[in-house]
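Reader: Please walk me through this model. Keep it brisk.

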Amino acid sequence: MTSWRDRWQHRYATEPWLFGRAPNLYLRSLGCRLPRAGRALCLGEGEGRNAVWLARRGLAVTAVDFAPAALARARSLAAEHGVAVETIEADVARWRAPEAAFDLVTLIFLQLSPDERVPAHRAAMAALAPGGLLVLEAFAKGDRLACGPRSDDSRYDEAMLRADFAGLEILELLAGTVALEEGEGHRGPARVVRLFARRG
């Protein structure tokens, strides 16, 4: 039976720039509120589009993903733009970042099962330095539209995120339908939930 990791590795190895080369639109929309110095951690980063964008803005970025083909693309994209991105091959459901070490943590369309989600989210929260910011966008529970997981098991809602990130100051928590244009992997209408929060 093919593992979840192997399926993603195959997709990244055979489908060029699955989610495009431009940064996630929600992350980019927060640009004026994000730090331009310090350390950033991108969890489940895939091909590096967000990590490279953050590095170009002046951050020291660490990108974590379990698919080596995705991380190879991330390094290639970073080299193309003349920036450095540290890459770590690891399963974010089990890997633990240094605590209180990052000024920004991103989780962009990270699909985790219920037993993986809570510990991964708690670890992401613990990785934030005092005053650090967290940005999350995920597919929301409900009827599936053009893209996203077919099962509700790896989709989130606002109540789940409030519980998972209890202790952070929520600056923005939104849910609704958006039109995604992020490569061939995210194209068309989708139900999403978005969180922007700060560690006190």
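**Phe109 and the fold around it**

Author: Phe109 sits in the loop between S4 and H5. The model is predicted: local features need pLDDT of at least 70, side-chain atom pairs count only at pLDDT 80 or more, and totals for chains, interfaces and linings use all residues. Residues are numbered from 1 along each chain as its sequence is written, and side-chain values use heavy atoms, with hydrogens and water left out.

Reader: Is Phe109 buried or exposed?

Author: Buried means under 20% relative accessible area, exposed over 50%, partly exposed in between (1.4 Å probe, protein chains only). Phe109 has a relative accessible area of 9%. That value falls under the cut-off, so Phe109 is buried.

Reader: What is the phi of Phe109?

Author: Phe109 is not a glycine.

Reader: Where does Ala100 lie, and what is its phi?

Author: Ala100 lies in the loop between strand S3 (85-89) and S4. At 37% relative accessibility, Ala100 counts as partly exposed. Ala100 is a residue other than glycine, yet its phi is positive, near 55°.

Reader: Which rings form the aromatic pair, and is the pair stacked or tilted?

Author: The structure holds 1 aromatic pair. Rings of Phe, Tyr and Trp (its six-membered ring) pair if their centres lie within 6.5 Å; planes under 30 degrees apart count as stacked, over 60 as edge-to-face and the rest as tilted. Phe109 and Phe139 have ring centres 4.6 Å apart and planes at 35°, so their pair is tilted.

Reader: How many residues apart in sequence are the parts that this pair ties together?

Author: Both Phe109 and Phe139 are buried. Phe109 lies in the loop between strand S4 (102-108) and helix H5 (114-126), and Phe139 in strand S5 (residues 128-139). The pair therefore ties together parts that are apart in sequence by 30 residues.

Reader: In what order do the elements run?

Author: Helices (H or I, at least four residues) and strands (E, at least two) are DSSP runs, numbered from the N terminus. The protein has 6 helices and 7 strands. From the N terminus on, the order is α-α-β-α-β-α-β-β-α-β-α-β-β.

Reader: What is the radius of gyration of the protein?

Author: The radius is taken over C-alpha atoms, and the globule rule is 2.2 Å times the number of residues to the power 0.38. For 200 residues the rule gives 16 Å. The protein's value is close to that, so it is as compact as a globular protein of that length: 15 Å.
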